[in-house]
Amino acid sequence: MLYQLQEIFKVLSDGTRLRILKLLSLRPLCVYRLTEILGASQSSVSRHLSVLKRTGLIRDAREGQRVRYRIEPSDSNPYARRILELVDELLEGEEVVAKDRERLLGTEAPG
């Protein structure tokens with residue numbers, strides 16, 4: 001189980017992945033919306049999502065042509081839920097997170 005905790009902390013050492021987690025805590029989103037909000041390339045966002053998914057912090061679901069990602073910690077990683085709650089709480093006052101939220105809520109395009 002120590003390995004699982006180490007993996008989560010490695011994943012969370014990246015600012016873009018932290019921002020993605022905070023955005024997904026607000027609502028499920030597709031890669032396209034995340035690229036708009038983060039100002040990152042599709043390939044970069046897809047790589048970050050893949051890492052988050054592999055670590056058991058998020059899940060995806062196909063909805064027609066789109067794949068939406070959402071916070072849903074895996075039961076296979078006993079640390080995921082508690083770590084996600086802590087990350088969500090700690091990031092609440094961050095300026096970049098507030099700007100991401102404004103971009104998300106200000107445009108209200110389909111997620």
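**Entry 1: chain layout**

Which pattern does the chain follow when read along the sequence? I read it as α-α-β-α-α-β-β-α-α. The model is a predicted one. I counted the elements as 6 helices and 3 strands.

I then looked up the overall dimensions. The C-alpha trace spans about 40 × 35 × 20 Å along its principal axes. A compact globule of 111 residues would have a radius of gyration near 13 Å, and the chain, at 13 Å, agrees with that. I noted that 40% of the 111 residues count as buried.

**Entry 2**

I looked up the strand order next. The 3 strands form an open sheet in the order β1-β3-β2, with antiparallel pairing. The edge strands, each pairing on one side only, are β1 (29-30) and β2 (58-63).

β3 covers residues 66-71 and pairs with β1 over 2 bridges. Between β2 and β3 I found 6 bridges, again in the antiparallel sense. R68 in β3 stands opposite C30, and R68 also stands opposite A61. The hairpin of β2 and β3 has 2 residues between the strands, and in this hairpin G64 takes a positive phi near 65°.

**Entry 3: the nonpolar core**

Which residues touch the most other members of the largest nonpolar core? I listed L12, L34, L49, L57 and I58, out of 28 residues in that core. The elements giving two or more residues to the core are α1 (2-11), α2 (15-26), α3 (31-38), α4 (42-54), β3, α5 (80-91) and α6 (95-107).

Leaving aside residues up to four places away in sequence, L12 touches L18, L21, L57, I83 and V87.

**Entry 4: helix α3**

I checked how far α3 is covered. Of its 8 residues, 6 are buried, so α3 is largely enclosed by the rest of the structure. The buried residues are V31, R33, L34, T35, I37 and L38. L34 had already come up among the core residues that touch the most other members. Just after α3, I found G39 with a positive phi of about 70°.

**Entry 5: salt bridges**

How many salt bridges does the count come to? I have 12.

The side chains of K53 and D60 meet at 3.0 Å, N to O. K53 counts as partly exposed at 38% relative accessibility, and D60 is partly exposed at 29%.

The side chains of E72 and R70 meet at 2.8 Å, N to O. Relative accessibility is 28% for E72, which counts as partly exposed. R70 is also partly exposed, at 26%.

The side chains of E95 and K99 meet at 3.1 Å, N to O. Why are these two about one helical turn apart? E95 and K99 are about one helical turn apart because they lie 4 residues apart in helix α6. E95 is exposed, with a relative accessible area of 55%, while K99 is partly exposed at 40%.

Last, I noted a network of salt bridges that links K22, D88, E92 and R101.

Definitions and conventions
Residues numbered from 1 in each chain as written. Predicted model: local features only at pLDDT ≥ 70, side-chain atom pairs only at ≥ 80, totals over all residues. Heavy atoms only, no water. Pairing = 2+ DSSP bridges. Core = buried A, V, L, I, M, F, W, Y, C linked by side-chain atoms within 4.5 Å. Buried < 20%, exposed > 50% of the residue type's maximum accessible area, 1.4 Å probe, protein only. Contact = heavy atoms within 4.5 Å. Rg over C-alpha atoms; globule rule 2.2 N^0.38 Å. Salt bridge = Lys/Arg side-chain N within 4 Å of Asp/Glu carboxyl O.
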